[in-house]
Structures are given as structure tokens and as C-alpha cells.
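Hi,

Here is the structure I promised to pass on. Have a look through it first, and then read my notes below.

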Amino acid sequence: MTASAPATWFVTGTSRGLGLELVKQLLDRGDNIAATTRNAERLHAGLAGHDTGRLLALTVDLADEAQVRNAVRDTLDRFDAVDVLVNNAGYGYLAAIEEVSDSAARQMFDIQVFGVWNVLRAVLPHLRARRRGHIVNISSILGLTTMPGWGLYSAGKFALEAMSEALAAEVADSGIRVTLVEPGYFRTDFLTTDSLALPAATTDGYETIRDTTRDHLALQGTQLGDPVRGIRAILELVDRGDGPLRQVLGSDAQAFASAKVESLRADLETGKDLASSTDFPRAA
């Protein structure tokens, strides 16, 4: 982004957590922001003390493609362009796979997968026509690895990772960058009952997941990640215009990711002979 002209950002999921902190920092530096939320009142309350003259608050259900398209149209009418798209909307869900209802699974994918797809379909034609732009998809370290109880949340984030990896290759020749951000535990309200959904009914035999739930709720206020520094890191990536496809945030995320890489490498090494045995025999 150039110092002479403010950038325009389209950001989803902005009424709390990292999304709200991103809006605050963008306003403070003078950028334009179209901020989608399901609760505009909470967004405005969170921005008390900030100059919101460059803010376009949009109440949007991301699962509704028409609402998303209208929000992008309103953004272009107000600011003429979108320079940076940040897909941030989401929430946690902690339950055993068996405990996840059909409606809970579909609701999660509506936000973390289909909602992102709706936004991408609405914004990409504009970015491609301009032949520039930056898409930042906020994943999670649980988009690279997972643990018991996080199957539904990780399934959505794994899907986001696949979508983003394919997208990055598809738009590389159009001047559009794609960045996946994979945060660890940040000191937001993500680990409170306001942002962490739990199953309507639990099942006997998953006592360790109940322990995990209690442990995660007890983590609130002690997470290693500083949201202010986390958003500064994302802004640095966008301002530089370079960096890797995947960027973990937090020393805990770095440790989890490194452990996943080593585990995957070990699995590949262990299974390589069986993998090769399934090929047609080579001609003599």
C-alpha cells in the first residue's frame, strides 16, 4: 500500500477478537474499511474512541450470497475499490465427532467455508479486473493440525487451507496475492462461551474431551498471543506485499506446526515401501 493514498479493506467478522483489533488499527492509520458483522451495535461499541469516518459497517449473513454481493457493491459505491480482502469470520466448536449434529456441522461450514466462497466470488472479479489485490484468509494452527474435540472446527479450517492454496495458484498471474494466517492461542474472547460453541448434548465415553473443554475455558486471559502484535504482523505482511503462503502467528503455533511436519515426515517414511508397491511393475 502506498503512503499517498489510503487502502480500502473488506474485512469479515469484525465485532470482536482479531477482527475488531484489525479494524481499530486500520482506522488509526487512516485506511478505509468495509467491516461485515452480524452485530453492528457491538462493532460500534468496540470502536468507542476511534474516528469511524472511514468505516462502512455492513450487517451481513455470509451464508447468504445475495447479501454478500450487495455488501461488496455497497463497498465499491462508497470507496470505488477493494485493495485487501480479509476473511476472518468464524467461531470455535469443541465436541467429539460423534456429538456434532448435522445442523451444527452445516452452520460451521456455512461460515468457515461457504461464507468465504461467497465473499471470494463477489470480490475476485473486481480484483482481477484491476490486476492487483491481496487476499488474507484467517485460518488457525488447527487448520494444519488438530486434536480430540476440535474435529469440526479443524475440518472447516482444513477446507479453508485447501481453498486458499488452490486460489493462490489460480490468481498468481493476475497480480493477486493470497496469504493464509494460522494463529495460535491469542488473548481474545475466542475461548469464552461467547465465541466457543459446545454440543447441545454430550456422550458418555468422551470424558477427556470434557477435560479439554474445561482446560480451554480456563485458558482465557493467559493465552500467549497478543492481539495487537498479531494484527501488526498481518499489516506488515500486507504492506510488504511478500511473504510465504502460510504464516503462523505465535510461538505455540510454531511449535504445533513443527510437530505436525515431523509427524507427517515420519508417516511418509514409514509407509513409503507400501506406497511404491501399488505401482504397476516397471518393464524390465
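Helix α1 gives the lining of the largest cavity its largest share, three residues. Some background before going on: this is a predicted model, so local features need pLDDT of at least 70 and side-chain atom pairs count only at pLDDT 80 or more, while totals for chains, interfaces and linings use all residues. Residues are numbered from 1 along each chain as its sequence is written, and side-chain values use heavy atoms, with hydrogens and water left out.

On a 1 Å grid over the protein atoms alone, a cavity is a set of points where a 1.4 Å probe fits but cannot get out; a pocket is an open set with protein on both sides within 12 Å along at least five of seven lines; and lining residues have an atom within 4 Å of a point. Grid points are joined across faces, edges and corners, and a volume is the space filled by probe spheres set on the points. Helices (H or I, at least four residues) and strands (E, at least two) are DSSP runs, numbered from the N terminus.

Back to the cavities: the whole structure has two of 30 Å³ or more. The largest has a volume of about 50 Å³, and its lining is made up of L18, G19, L22, V86, N88, I138, I231 and I234.

Now for the open space. The largest pocket has a volume of about 990 Å³. Its lining counts 44 residues, and N88, A89, G90, Y91 and F190 lie nearest the centre. Elements that give two or more residues to this lining include α1 (17-28), β2 (32-37) and α4 (102-130). The lining splits into 21 nonpolar, 17 polar and six charged residues.

On to the charges. Side chains of opposite charge can pair when their charged atoms come close. The structure holds 18 salt bridges (a side-chain nitrogen of Lys or Arg within 4 Å of a carboxyl oxygen of Asp or Glu).

One of them joins D61 and R38, at 3.8 Å from N to O. This pair links distant parts of the chain, 23 residues apart: D61 is in the loop between β3 (55-59) and α3 (65-79), and R38 is in the loop between β2 and α2 (40-46). Are these two buried or exposed? D61 is partly exposed at 29% relative accessibility, and R38 is exposed at 56%. For these words, buried means under 20% relative accessible area, exposed over 50%, and partly exposed in between (1.4 Å probe, protein chains only).

Another salt bridge pairs R106 with D102, with the closest N and O atoms 2.9 Å apart. Both lie in helix α4, four residues apart, about one turn of the helix. R106 is exposed, at 54%. Elsewhere, salt bridges that share partners join E161, E165, E182 and R246 into one network.

Cheers

Definitions and conventions
Nonpolar A, V, L, I, M, F, W, Y, C, P; charged D, E, K, R; others polar.
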